[in-house]
Amino acid sequence: MIAKDCVTSTYGVQCPRILYGTAWKKSQTAALVRKAIQLGFRGIDTAGQPRHYHEPGVGAGIATCLRDGVLGRSDLYLQTKFTPLSGQDAKQVPYDSEARLSAQVAQSFESSLRNLQTHYVDCLVLHSPMPEAGQLKEAWQAMEAIFDAGGARQLGISNCYGLDYLEALCRSARIKPAVLQNRFHAETGYDRGMRAYCRQHDIIYQSFWTLTANPQVLAHGSLTGLASKHGRTPAQILFRYLTQEGVVPLTGTTSDVHMRQDLEIFGFELTDREREALGALF
């Protein structure tokens, strides 16, 4: 990975400034992951949640690129998630639903390693907050054990929209979260408070649903005007703005053209004044 196109976490892990998201790809997953890597993506996001992700397809796509010499494993940032039982399809749970929570975390992670054909991941993410403090403690300590054993180079949490919850996790965790991955949309005020907290505590904020949830932003005059000025698409302007603000967006496009456009955002920069104008939208 090229350093300028990455952000380095407090654990020394380099994360590309834009990631390829693999949710909802089903039987197309392997081909799309392979195409994304061939075109230049070096960060892949997935989850141990068969309901929405096809992890074996992710692993197959990566394995093909490794065999073809497109990249080495150390050139790739690979991130997966432990999804609690409440987020699973009861018919496709990748662990024993009757086991202790700590065992579920361990079993899910082993399943992910097999699916992804790797012996480690660059980040293991708790897919959603646990409803009770004791459950959070047990799940996070199980993830810390995976970190200690070298299975995950860092840990994170997703779908966490309560600042109190994130603060409590950071206070109690022995291995602090390095990543927060959330939907980026108006209903949560674009996570202004959460993003500020992440900046203060060196947590990488990753955004998903970034384009889908924001058609009104993509059509706003401030953004379309900059798209015309720079000869870019509105999506490129939004992604570039976010990366310059320290946000790592996910893109789940299935289009070769859009993949290339997403990767081309590092070929230009927005000025401070342009960023200030866009900042008013968020």
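**Close-up views of a predicted model**

**View 1. Trp24 in its loop.** Trp24 sits in the loop that runs between strand 3 (19-21) and helix 1 (29-39), where helices (H or I, at least four residues) and strands (E, at least two) are DSSP runs, numbered from the N terminus. This is a predicted model, in which local features need pLDDT of at least 70 and side-chain atom pairs count only at pLDDT 80 or more, while totals for chains, interfaces and linings use all residues. Residues are numbered from 1 along each chain as its sequence is written, and side-chain values use heavy atoms, with hydrogens and water left out. Phi of Trp24 is near 65°, a positive value in a residue other than glycine; most residues other than glycine have a negative phi. Trp24 counts as exposed because its relative accessibility is 58%, given that buried means under 20% relative accessible area, exposed over 50% and partly exposed in between (1.4 Å probe, protein chains only).

**View 2. The largest pocket.** The largest pocket has a volume of about 700 Å³, a pocket being an open set of points on a 1 Å grid over the protein atoms alone, where a 1.4 Å probe fits, with protein on both sides within 12 Å along at least five of seven lines. Its lining comprises 29 residues, and the closest to the pocket centre are Ala23, Trp24, Tyr53, Phe208 and Trp209; lining residues have an atom within 4 Å of a point. Strand 8 (179-183) and strand 10 (248-251) each contribute at least two residues to this lining. By class, the lining has nine nonpolar, 17 polar and three charged residues, where Ala, Val, Leu, Ile, Met, Phe, Trp, Tyr, Cys and Pro count as nonpolar, Asp, Glu, Lys and Arg as charged, and the others, Gly among them, as polar.

**View 3. Helix 5 beside helix 6.** The axes of helix 5 (residues 163-172) and helix 6 (residues 192-200) come within 10 Å and cross at roughly 20°. Helix 5 is therefore roughly parallel to helix 6, a description that covers angles under 35 degrees.

View 4. Gln117 is placed in the loop between helix 3 and strand 6 (123-126). Phi of Gln117 is near 55°, a positive value in a residue other than glycine, and Gln117 is exposed, with a relative accessible area of 51%.

**View 5. Asp89 and Gly231.** Asp89 belongs to the loop between strand 5 (77-82) and helix 3 (101-116), and with a relative accessible area of 26% Asp89 is partly exposed. The C-alpha atoms of Asp89 and Gly231 are separated by 44 Å, and the two residues are 142 residues apart along the chain.

Methods
Grid points are joined across faces, edges and corners, and a volume is the space filled by probe spheres set on the points. Axes are lines fitted to C-alpha atoms, for helices over the stretch in contact, and angles run from 0 to 180 degrees between N-to-C directions. Angles under 35 degrees count as roughly parallel, over 145 as roughly antiparallel, 65 to 115 as roughly perpendicular and the rest as oblique.
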